[in-house]
Amino acid sequence: MSDPAEGLSEVARARREQILDAAEAIIAGRGIQRLSLAQIEQRAGMSRGQLTYYFPTKEQILLAVYDRMLRRMIGETRAADGPKPMTGQAWECLQHGLKKHLEPDWPPAPARDLFSLLFTFLAQMGHRADYRKRLSQWYAERRSLLAADIAGSVPEPQASPKAVAALLQGLFHGLDVQLMMDPDAFDRGEMLGLVVRL
């Protein structure tokens, strides 16, 4: 996943990070509904002109926060123990990922904030082409990585790697949505066993 701040000067990168830090702190502490340019200005200690130079709208800030949170979570996943994607261990990665997503304390606070942003974007996709485009890009990137891992490690898949990747993406997304809304929607151990058997 590429960094949208790539190619910017150190000062511009630092300013963008300052704005995103402020926005993320507001979202984590007060909720996404309390995020406003005025709140970000106050928290980041900058003027409206400075703020809108880097991000002309609140929506662009939300998309940048989402991208940054996502990059951070992907980095943490890659650095954590367990099988790694793109190493010929697609099945092991799937089982490991399912176990993590079905742990009693899942999702952790940063993931809850990320999912809250995702749900906000999903709710607005019919009216916001920029949200739909960014989510579409993110899902396509993830599907592509999953499909490549499947193609490189599953000897005789029963379907195309792209179709299997889309199914797995839908499975994880569906489980996450249910657990966000109702942490007791199902027995997590039973669900893990069911998915592995399927």
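Arg 68 is buried in this predicted model, with a relative accessible area of 7%. Its side chain meets that of Glu 17 in a salt bridge, 2.6 Å from N to O. Glu 17 lies in helix 1 (residues 10-30) and Arg 68 in helix 4 (residues 58-79), so the pair ties together parts that are 51 residues apart in sequence. Glu 17 itself counts as partly exposed, at 32% relative accessibility.

Side chains of opposite charge can pair when their charged atoms come close. The cut-off used here is 4 Å between a side-chain nitrogen of Lys or Arg and a carboxyl oxygen of Asp or Glu. By that rule the count comes to nine salt bridges. Among them is the pair Glu 41 and Arg 48, at 2.1 Å from N to O. Arg 48 is partly exposed, at 40%. Another pair is Lys 100 and Glu 103, whose closest N and O atoms are 3.8 Å apart. Lys 100 counts as partly exposed at 39% relative accessibility, and Glu 103 counts as partly exposed at 30%. Some salt bridges share partners, and these join Glu 17, Asp 21, Glu 24, Arg 68 and Arg 72 into one network.

Now step back to the whole fold. The protein has nine helices and zero strands. From the N terminus on, the elements run α-α-α-α-α-α-α-α-α. The C-alpha trace spans about 55 × 40 × 35 Å along its principal axes. Of the 198 residues, 35% are buried. Take the contacts with a separation of 6 or more: residues 24 or more positions apart account for 63% of them. The protein exposes about 11400 Å², and carbon and sulfur atoms supply 54% of that area.

The largest nonpolar core holds 50 residues. Those that touch the most other members are Ile 40, Ile 61, Leu 62, Val 65, Tyr 66, Leu 117 and Phe 121. At least two core residues come from each of helix 1, helix 2 (37-44), helix 4, helix 5 (90-101), helix 6 (109-124), helix 7 (129-153), helix 8 (161-181) and helix 9 (188-197). Helix 4 gives the most, with ten residues. Ile 61 shows what such a position touches. Leaving aside neighbours within four places in sequence, Ile 61 is in contact with Ile 19, Leu 20, Ala 23, Leu 37, Ile 40, Leu 51 and Phe 55.

Finish at helix 9. Which of its residues are buried? They are Arg 188, Met 191, Leu 192 and Val 195. Seen down the axis of helix 9, the buried residues fall within an arc of 100 degrees, so they line one face of the helix. Their cover includes helix 5 and helix 8. On the other side of helix 9, Gly 189, Glu 190 and Arg 197 are exposed. The N-terminal end of this helix is capped by Asp 187. A side-chain oxygen of Asp 187 lies 3.1 Å from the backbone nitrogen of Gly 189.

Terms used: Residues numbered from 1 in each chain as written. Predicted model: local features only at pLDDT ≥ 70, side-chain atom pairs only at ≥ 80, totals over all residues. Heavy atoms only, no water. Helix = DSSP H or I, 4+ residues; strand = E, 2+ residues; numbered from the N terminus. Buried < 20%, exposed > 50% of the residue type's maximum accessible area, 1.4 Å probe, protein only. Core = buried A, V, L, I, M, F, W, Y, C linked by side-chain atoms within 4.5 Å. Contact = heavy atoms within 4.5 Å. Arc of directions from axis to C-beta. Polar contact = N/O pair within 3.5 Å; in protein donor to acceptor, adjacent residues only side chain to side chain. Areas by Shrake-Rupley, 256 points an atom, 1.4 Å probe, with all protein chains shown as cover.
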